[in-house]
Amino acid sequence: MPLALCVEMTDPTLDDDGFDTDDRGEPSPPCSYRAALAGAAPFRLRLILRELGRDPGRRTTGLAEELADRLEEPGVVAGLISDLSPVERQGLGLFALTETAAWPAVGFGETLRGLGLDQQQAIERPMALGLIAPMPPATDPEVPLWPLDPDRVGGTRLVVHPAVLESARITEPEGEGPPVLDEPARLVRESDGLEAVLRLAALWQLADTSPLKRTRQGGLYKRDRQRLDEDPALAGPIADVLHPLDDHVSVWLSLARSIGLLIDEPESDRIVAAPASIWAEHGVHLPQMIAARWLGGVDLTDGGDDPGSTLALRPVSLLWLASLKEEAWVSLDDLATWLSVRMRAPTLPALSGKAERRRGRSADETPSGDPMTDVLRSTLLGPAYLLGLVRVGEAGPSRAPAMQLTERGRYVLGLGPPPPPPPRIEQFLFVQPNFEIVAYRQGLNPALIGRLSRFARWSQLGSALTLRLNSDAIDRGLASGLSVDQIRDWLTRHGVRPLPDGVAGAIASWAGRRDRLTYYASATLIEFSSAEELENALAEWAEGTAPPPVRVADRVLLVEDEGAIPFRRFQLAGARDYRKPPESCVEVGPDGITLSADPARGDLFIEAELSRFADPVPNDSAETTLRRRYVVSPASLRRGSHEGMTLTGLAQWYTYRTGAPMPPVVRWLASIVRFEGAQAADAVRAGRPLIVRTERSEVLDGLLQHPDTRTLFGDRLGPTAAIVKSGDPERLQKALTMLGVSLLLE
């Protein structure tokens, strides 16, 4: 059964495979608590309402809405959870731990099994109270949902009421945990936890520069996916990694969408960057948000089978590590052996050819042959280490990997206080005269990464980080609300050396170039027939609280507030909504070279378009109206050719703007001036033709076929007319006389 049933739980792993295949089907339907209740049987809903103290009688309608409204009352869900048993609260705590309202049923069951919890006890009472609802609902509501095995509930999701995420809490598992090592591990390594934030910052910049486009199946179009794979900051190798991530670009993409750093644009196929304010609002909490979404398996939603143990191993392994003493170390092999007794062995995913090429595995990496060990290794030594949840060392003579939970890991699980902040380093930037910035990771934190991402472009991520300053990056920073002084002061405060004068001057110059542009979210343009009429309108414009009109051309005014326009003083010739596509608004005169724009259907771009290849008619009698006339000439076409116009482009303009093909006379004039794409004009030949006409077509047919006369004729002009080649009637008259036919000359 496919995993992607509910979009709240998961986002599709974006891949260019969706560009040329429909195997993944339609996008997943919405998954929410109310959607899960809507499909539940009335029998089940009535039982739940009675448990909550409501008597629905024998009604069959309105039950789902009544149940949802009851649970949304203040304090109801929190009170129900407080009355549950520890096992039931632990099951609901998994939803709060991953900050998601939906879990795959098989993965949830494997997690309960790995934590030593009884599945029936964990979900029976919460389901009876309506705190958990299966989606899709069971075909037979009287058949219990458990055991949560793949052959019974594959593809099913368990959805909880949103208030559960705020009221439930996870606790340490009870019982004896995995065996610990007799001595501490050696050569301990611990990640700074910034790698995911840095990669997501680079991805956010790419989407902010140019939005990504989704296919119908939810994947990325090939050109967008290729752009991500070729970006050195996003797709480059990870410096501090113990186990390479499988296709880590897809991992970052899934995480960015799940935490809201990338947003699916409403009623569109685009994925856009979130506003820059997200870095100020959530920058400090980004590592915890990323870790919670990873625990929920957002990167496992590739359209394959329910991940089961692959997903369950993430919270199970970390929670059992949390149950040990803080100084205890556990061998990875011992942990895998211990979990193998409690859980099903995970199924290793079969990657497609494209995904296999993106794995990034090292050449000397060999699987152990044990699925539990291999998946646990990729889980703990891969993302868990990069996110700073575990520290890793070497144990024993075999130097086998061993791990223990970090302070950040306990905090993410909700089992410990926030980790102590690293020592603050105020100067960690080297701003070089070539506009390149070198940043040292020791001085960074998520909030500072967000600030840097707003006005500098990430170019390389490693032990030392590099960024570049350019006009586009500075423009992004100014658009996000930063000022030039704030950018320069920030670079100066955190720079090891003073800010180079050239860099400071370039930032001011780029900002000044932007300041010369004025952006109007919406405006109305009024075009007058002459500059004098515009001046008269300005003189009579009534003063008010609205901004005054702005002159943007000699005959055009810009008005921000349409309500301030005194329409009763103007004679309105036409209106145009520039959000709509251009209309056919130009009429071609009978001569083929005269063009006139209809003001009722035209727009302000039409005159600029006409002036490229045509000239205004001098002393035009229609000059006092908006209908201005233009004439096409060899000189005007030659000007258009020098400006880069082509015959194909000109033909398309005639089709769009006149609704008819280009007139032959214009095509002929274009060939005279050697327009790009036009054949050179042929010479025009002239002569005095002699035309022969007969009463019947049979007579002319005979003349053109007879050997004595057929050589004397040229082109046939019609059924009864043809041209004599030489233009001299004497040879024709002599030949006809020999045949006994007379020739009458007119």
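A residue counts as buried when its relative accessible area is under 20%, as exposed when over 50%, and as partly exposed in between, using a 1.4 Å probe and protein chains only. Gln288 is buried, with a relative accessible area of 15%. Gln288 lies in helix α15, residues 286-295. Leaving aside neighbours within four places in sequence, Gln288 is in contact (heavy atoms within 4.5 Å) with Arg408, Tyr411 and Val412.

The model is predicted: local features need pLDDT of at least 70, side-chain atom pairs count only at pLDDT 80 or more, and totals for chains, interfaces and linings use all residues. Residues are numbered from 1 along each chain as its sequence is written, and side-chain values use heavy atoms, with hydrogens and water left out.

Of the 746 residues of the protein, 46% count as buried. The protein has 31 helices and 24 strands; these are DSSP runs numbered from the N terminus, helices being H or I with at least four residues and strands E with at least two. Among contacts with a separation of 6 or more, 67% join residues 24 or more positions apart.

In soluble globular proteins, nonpolar side chains tend to be buried together. A nonpolar core is here a set of buried Ala, Val, Leu, Ile, Met, Phe, Trp, Tyr and Cys residues joined through side-chain atoms within 4.5 Å. The largest such core has 155 residues, and Trp458 and Leu491 have the most contacts inside it. Helix α10 (residues 195-209) gives the most to this core, with 10 residues. Beyond its neighbours within four places in sequence, Leu491 is in contact with residues including Leu429, Phe455 and Ile507. Another core, of 22 residues, lies apart from the largest one; Cys585, Phe613, Ala614 and Tyr630 are among its members.

Two packed helices are described by the angle between their axes and the distance between the axes. Axes are lines fitted to C-alpha atoms, for helices over the stretch in contact, and angles run from 0 to 180 degrees between N-to-C directions. Angles under 35 degrees count as roughly parallel, over 145 as roughly antiparallel, 65 to 115 as roughly perpendicular, and the rest as oblique. The axes of α6 (residues 105-114) and α16 (residues 309-322) come within 8 Å and cross at roughly 30°, so α6 and α16 are roughly parallel to each other. Helices α17 (residues 332-340) and α19 (residues 371-386) pack at about 125°, with their axes 9 Å apart, which makes α17 oblique to α19.
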